[in-house]
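User: I would like to go through this model with you. Could we take the side-chain pairs to begin with and then move to the strands and the core?

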Amino acid sequence: TKLVNRHIPSSPSRVLDAPDMMDDYYLNLLSWSSTNILAVALSQRVYLWYAETGRIEELCNFEDRGTDVNVSSVSWVQEGGGYLAVGTSWVSGCFQ
């Protein structure tokens with residue numbers, strides 16, 4: 001096997017602002033899809049960042065469920081990458 005030397009940049013190529021990101025080890029608030037889309041959970045909202053264009057889109061908002069409801073997890077389905085699972089602290093109902 002041949003070792004390949006890679007250059008690892010010492011500074012980020014891009015910084016995304018993430019206000020209201022909850023600081024909790026057990027939450028899964030970021031998920032990168034196979035189609036190069038980053039899902040980000042910020043408090044009661046989920047945003048999509050399209051890496052190729054830099055476009056940002058709000059996917060969903062749970063503010064109408066009350067102030068105690070937060071997004072606790074986002075995860076792209078691995079096969080196909082077109083579906084995003086969103087988990088919340090809201091215990092009743094279903095989001096589609």
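**Salt bridges, sheet and core**

Analyst: Arg55 forms a salt bridge with Glu57, and the closest N and O atoms are 3.5 Å apart. Please keep in mind that this is a predicted model.

User: Are Arg55 and Glu57 buried, exposed or partly exposed?

Analyst: Arg55 is partly exposed, because its relative accessible area of 45% lies between the 20% and 50% limits. Glu57 is likewise partly exposed, with a relative accessible area of 27%.

User: How many salt bridges does the structure hold?

Analyst: The structure holds 4 salt bridges. One of them joins the side chains of Glu58 and Arg45, at 2.8 Å from N to O. That pair links distant parts of the chain, since Glu58 lies in strand β4 and Arg45 in strand β3, 13 residues apart.

User: Which residues are linked in a network of salt bridges?

Analyst: The network consists of Arg45, Glu58 and Glu63. Besides the bridge to Glu58, the side chain of Arg45 meets that of Glu63 in a salt bridge of 2.9 Å, N to O. Here, too, distant parts of the chain are linked: Glu63 is in the loop between β4 and β5, whereas Arg45 is in strand β3, 18 residues apart.

User: Over how many bridges do β1 and β2 pair?

Analyst: β1 and β2 pair over 3 bridges, in the antiparallel sense. Leu30, for instance, has Val40 in β2 as its bridge partner.

User: Where is Ser33 found, and is it buried or exposed?

Analyst: Ser33 is in the loop between β1 and β2. It counts as buried because its relative accessibility is 5%, which is under the 20% limit. The side chain of Ser33 also makes a polar contact of 2.9 Å with the side chain of Thr35.

User: Now the core. Which residues touch the most other members of the largest nonpolar core?

Analyst: Leu48, Val71 and Val74 do, out of the 14 residues in the largest nonpolar core. The elements that give two or more residues to this core are β2 (37–42), β3 (45–50) and β5 (71–76).

User: Let me follow up on Val74. What is it in contact with, leaving aside its neighbours within four places in sequence?

Analyst: With those neighbours left aside, Val74 is in contact with Asn28, Leu29, Leu30, Ser31, Ala39, Ala41, Val46, Leu84, Ala85 and Val86.

Definitions and conventions
Residues numbered from 1 in each chain as written. Predicted model: local features only at pLDDT ≥ 70, side-chain atom pairs only at ≥ 80, totals over all residues. Heavy atoms only, no water. Core = buried A, V, L, I, M, F, W, Y, C linked by side-chain atoms within 4.5 Å. Buried < 20%, exposed > 50% of the residue type's maximum accessible area, 1.4 Å probe, protein only. Helix = DSSP H or I, 4+ residues; strand = E, 2+ residues; numbered from the N terminus. Contact = heavy atoms within 4.5 Å. Pairing = 2+ DSSP bridges. Polar contact = N/O pair within 3.5 Å; in protein donor to acceptor, adjacent residues only side chain to side chain.
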